[in-house]
Structures are given as structure tokens and as C-alpha cells.
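Good morning, everyone, and thank you for coming.

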Amino acid sequence: MTPSIPSAQWQAELLQKLKAVADESRLTIIARLHEREYTVGDLAAAIDLTEPTVSHHLAKLREAGLLNLRMAGNQRFYRVNEPGLKIFKEMVSHIEQPP
């Protein structure tokens with residue numbers, strides 16, 4: 001039986017997620033945010049990066065569906081999007097046999 005060719009949409013979504021995590025700082029951010037939620041400033045201090053750099057990384061991870069944002073007044077709290085991370089893991093596990 002010939003394996004099916006992944007749809008263009010599936011490939012694009014997987015590629016976006018892979019690009020989002022293909023950075024050492026972003027992997028560190030995911031690990032930190034898996035422990036608890038952080039503000040940009042707290043996260044920047046914890047991983048020794050500037051706030052603009054952390055904001056850029058957070059935006060990429062959020063666009064890929066791997067993070068959630070919670071607003072509390074004028075503060076923005078980020079944490080791992082568990083369902084989004086689960087989908088990513090499932091996509092990677094089926095990389096050789098896409099849906």
C-alpha cells in the first residue's frame with residue numbers, strides 16, 4: 001500500500017510549529033512556561049534575555065498554537081497551551097505517516 005501524501009495544509013501547519021521550536025531560546029521558554037505562567041519581564045529575567053527578544057519568541061510560539069496568553073489588568077501572562085502542544089506531538093509522531 002502506498003502511503004498518502006500529506007496535505008498542503010497539514011505540511012504548512014507542521015512546518016510552522018517546527019520552525020517555532022527550532023530555536024534554543026524558544027525551547028527554554030517552553031520548558032519554563034510548562035512549570036508555571038510568566039510575564040514577559042519575569043521570563044526575560046529568568047532566562048537572561050531582553051524583553052523585546054522574549055516578546056518576539058513568545059509571539060512566534062503563540063502563532064504556532066503552543067502558548068496561551070492571559071490578560072490581568074495591564075499585565076500579560078503566558079503559559080504552555082497543553083492541547084496545542086499535544087497536537088504538535090501527535091503531528092510529529094505521524095510525520096512518516098501523515099493523516
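**Contacts along the chain**

Let me start with the chain as a whole: if we take the contacts between residues at least 6 apart in sequence, 55% of them join residues at least 24 apart. Please keep in mind that what you see is a predicted model. The chain contains five helices and three strands, and if you read along the sequence you will find them in the pattern α-α-β-α-α-β-β-α. Its C-alpha atoms fill a box of roughly 55 × 25 × 20 Å along the principal axes, and of the 99 residues in the chain, 31% are buried.

Now to the inside. The largest nonpolar core has 23 residues, and those that touch the most other members are Ile-29, Leu-33, Leu-43, Val-54, Leu-58, Leu-61 and Leu-66. Two or more residues of this core come from each of α1, α2, α3, α4, β3 and α5.

Let us take Leu-43 from that list: what is it in contact with, leaving aside its neighbours within four places in sequence? The partners are Ile-29, Arg-32, Leu-33, Tyr-38, Val-54 and Leu-58. The contact is made by Thr-28, Ile-29, Arg-32 and Leu-33 on the side of α2, and by Leu-43, Ala-46 and Ile-47 on the side of α3. The crossing of α2 past α3 is right-handed.

Let me turn next to α5, which has 12 residues and reaches 16 Å from its first C-alpha to its last, close to the 16 Å expected at 1.5 Å a residue. Which residues of α5 are buried? They are Gly-84, Leu-85, Phe-88 and Met-91, and because they fall within an arc of 120° when seen down the helix axis, they line one face of α5. As a reminder, an α-helix has 3.6 residues a turn, so residues three or four places apart point the same way. The buried residues of α5 pack against α1, α2 and β3, whereas the face turned away from them carries the exposed residues Pro-83, Lys-86, Lys-89 and Ser-93.

Finally, Asn-81 sits in the loop between β3 and α5. Is Asn-81 buried or exposed? Its relative accessibility is 15%, and because buried means under 20%, Asn-81 counts as buried.

Terms used. Residues are numbered from 1 along each chain as its sequence is written. This is a predicted model: local features need pLDDT of at least 70, side-chain atom pairs count only at pLDDT 80 or more; totals for chains, interfaces and linings use all residues. Side-chain values use heavy atoms; hydrogens and water are left out. Helices (H or I, at least four residues) and strands (E, at least two) are DSSP runs, numbered from the N terminus. Buried means under 20% relative accessible area, exposed over 50%, partly exposed in between (1.4 Å probe, protein chains only). The expected span of a helix is 1.5 Å times one less than its number of residues. The arc is that of the directions from the helix axis to the C-beta atoms. Contact means heavy atoms within 4.5 Å. A nonpolar core is a set of buried Ala, Val, Leu, Ile, Met, Phe, Trp, Tyr and Cys residues joined through side-chain atoms within 4.5 Å. A crossing is left-handed if the near helix is turned anticlockwise from the far one by less than a right angle, and right-handed if clockwise.
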